[in-house]
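This briefing goes through a set of local features, grouped by topic. Please read it with the structure open.

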Amino acid sequence: MKIDLNDLLVFTEVVVCGSFTGAGKKLGLPPSAISRRLARLETTLGFRLLNRTTRSVGLTDTGRIYYERTARIAHDVEDALRAVHEYRSTPSGLLRVTAPPDDGGVIWAMLSGFIRDHPDVDLELIHTLDYVDLVEEGIDVALRGGSPPDSMQLRAYKLVDSRFVLVASPAYLERRGTPTRPEELADHDCIAMDNWVPNAIRALQGPDGPVRVDFRNRVRSNRQQTARMAALDGFGIAPMVAFNCWRELRSGTLVEVLPGAMPGPATFWAVYPASRSNSAATRALVDHLARTVPTLAVEV
């Protein structure tokens with residue numbers, strides 16, 4: 001038995017619209033064409049699907065059973081057609097993106113050019129440190145650090161490998177001295193990054209291997225921006241991502257302490273649901289990020 005999917009789509013629309021005329025208007029077909037397709041489907045199946053009157057149509061008992069089993073197929077076919085159309089179309093509509101807090105304007109620098117180049121795309125940018133469920137929350141793209149997602153529902157594109165660094169202001173180092181070994185951090189004030197290093201910088205690499213150091217958290221924050229400002233104001237040594245403080249390191253307002261002591265790399269990803277792979281807007285944004293983010297990630 002070979003069923004024409006177009007006939008199945010027609011049957012589904014007749015049930016949804018409740019009439020040949022309504023289905024014809026939605027599908028762009030005359031009622032006579034709708035009637036012929038339904039008759040062909042019933043002949044193929046060998047049973048009647050609809051009871052027809054001059055005023056309405058209704059499902060037969062067998063038609064109701066058949067509709068309940070096949071409606072999803074018809075919807076999936078329509079979704080596939082919409083996905084193909086969207087894939088070929090110009091990026092447009094609302095694009096929902098999650099990203100960490102925009103420390104130093106880095107996130108906006110990644111996105112502003114895309115919005116400028118795509119006037120038909122509207123951006124909803126949600127700043128959060130949480131790894132939200134992209135599928136459940138209807139998120140198109142998430143900008144995230146860490147490891148790539150371990151899920152068949154998600155896709156990930158690596159944007160850049162930065163590195164973790166320890167930084168301090170020249171004034172602080174002049175006042176307190178510059179540590180030459182990780183163990184010497186115990187004598188310094190530090191700036192902790194909850195929930196990253198709430199009580200100690202872990203897995204520091206010393207000359208003789210990994211070293212754990214407990215220290216005083218003079219300032220505790222969950223924002224890189226706050227940690228950077230506290231370091232600039234001389235309140236201690238801060239663990240940072242080089243990507244978020246390269247300007248200060250280049251200008252000398254912050255100095256790297258104990259180079260190579262922090263674990264790495266600090267990888268940044270564009271993560272998106274597999275179901276959004278054919279979205280023109282999602283695809284265009286990931287392509288834009290792939291081109292522009294490496295140029296923003298200045299090595300220091």
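Helices here are DSSP runs of H or I with at least four residues, and strands are runs of E with at least two, both numbered from the N terminus. By that rule Asp-7 falls in helix α1, which spans residues 5–17. The model is predicted. The points below cover the N-terminal helices, two open sheets with the helices that lie on them, and two single residues.

- Apart from neighbours within four places in sequence, Asp-7 is in contact with Arg-37, Arg-40 and Leu-41.
- Helix α2 covers residues 20–27 and helix α3 residues 31–45; their axes come within 8 Å and cross at roughly 105°.
- On the α2 side of the contact are Phe-20, Thr-21, Ala-23, Gly-24 and Leu-27, which meet Pro-31, Ile-34, Ser-35 and Leu-38 of α3. Sorted by type, the residues of this contact are 6 nonpolar, 3 polar and no charged.

**The five-stranded sheet**

- An open sheet of 5 strands runs in the order β4-β3-β5-β14-β6, and its pairing is mixed.
- β4 and β6 (154–162) are the edge strands, each pairing on one side only. From one strand to the next, the twist averages 20°.
- Strands β3 (residues 93–99) and β5 (residues 141–145) are paired in the parallel sense over 2 bridges. In this pair Val-97 stands opposite Val-141 of β5.
- Helix α5 (residues 106–117) packs on the sheet and touches β3, β4, β5 and β14 (266–273). The direction of α5 makes about 170° with that of β4.
- Buried residues of α5 are Val-106, Ile-107, Met-110, Leu-111, Ser-112, Gly-113 and Phe-114. Their cover includes the strands β3, β4, β5 and β14 as well as helix α10.
- Helix α10 (residues 280–296) lies across β3, β4, β5, β6 and β14. Relative to β6, helix α10 runs at about 15°.

- His-127 belongs to strand β4, residues 121–127.
- The relative accessible area of His-127 is 39%, so the residue is classed as partly exposed, a class that lies between the cut-offs of 20% and 50%.
- Residues up to four places away in sequence aside, His-127 touches Ala-99, Pro-100, Pro-101, Asp-102 and Ile-107. Of these, Ile-107 is one of the buried residues of α5.
- A polar atom of the His-127 side chain lies 2.8 Å from the backbone oxygen of Pro-100.
- From His-127 to Gly-146 the separation is 19 residues in sequence and 16 Å in space, C-alpha to C-alpha.

**The three-stranded sheet**

- A second open sheet has 3 strands in the order β12-β7-β13, with antiparallel pairing.
- β12 (238–241) and β13 (255–257) are at the edges; each has a single partner strand, so one side of each has no neighbour in the sheet. Neighbouring strands here are turned against each other by 55° on average, direction ignored.
- β7 (residues 164–168) is joined to β13 by 3 bridges, and the two run antiparallel. Ala-168 has Val-255 of β13 as its bridge partner.
- β7 is joined to β12 by 4 bridges, also antiparallel. Here Phe-164 has Val-241 of β12 as its bridge partner.
- Strand β7 is mostly covered, with 4 of its 5 residues buried.
- Helix α8 (residues 224–232) lies across β7 and β12, and runs at about 130° to β12.

- Leu-258 is in the loop between β13 and β14.
- Its phi is near 50°, a positive value in a residue other than glycine. Most residues other than glycine have a negative phi.
- Is Leu-258 buried or exposed? With a relative accessibility of 11%, Leu-258 counts as buried.

Conventions
Residues numbered from 1 in each chain as written. Predicted model: local features only at pLDDT ≥ 70, side-chain atom pairs only at ≥ 80, totals over all residues. Heavy atoms only, no water. Axes fitted to C-alpha atoms, helices over the stretch in contact; angles between N-to-C directions. Contact = heavy atoms within 4.5 Å. Nonpolar A, V, L, I, M, F, W, Y, C, P; charged D, E, K, R; others polar. Pairing = 2+ DSSP bridges. Buried < 20%, exposed > 50% of the residue type's maximum accessible area, 1.4 Å probe, protein only. Polar contact = N/O pair within 3.5 Å; in protein donor to acceptor, adjacent residues only side chain to side chain.
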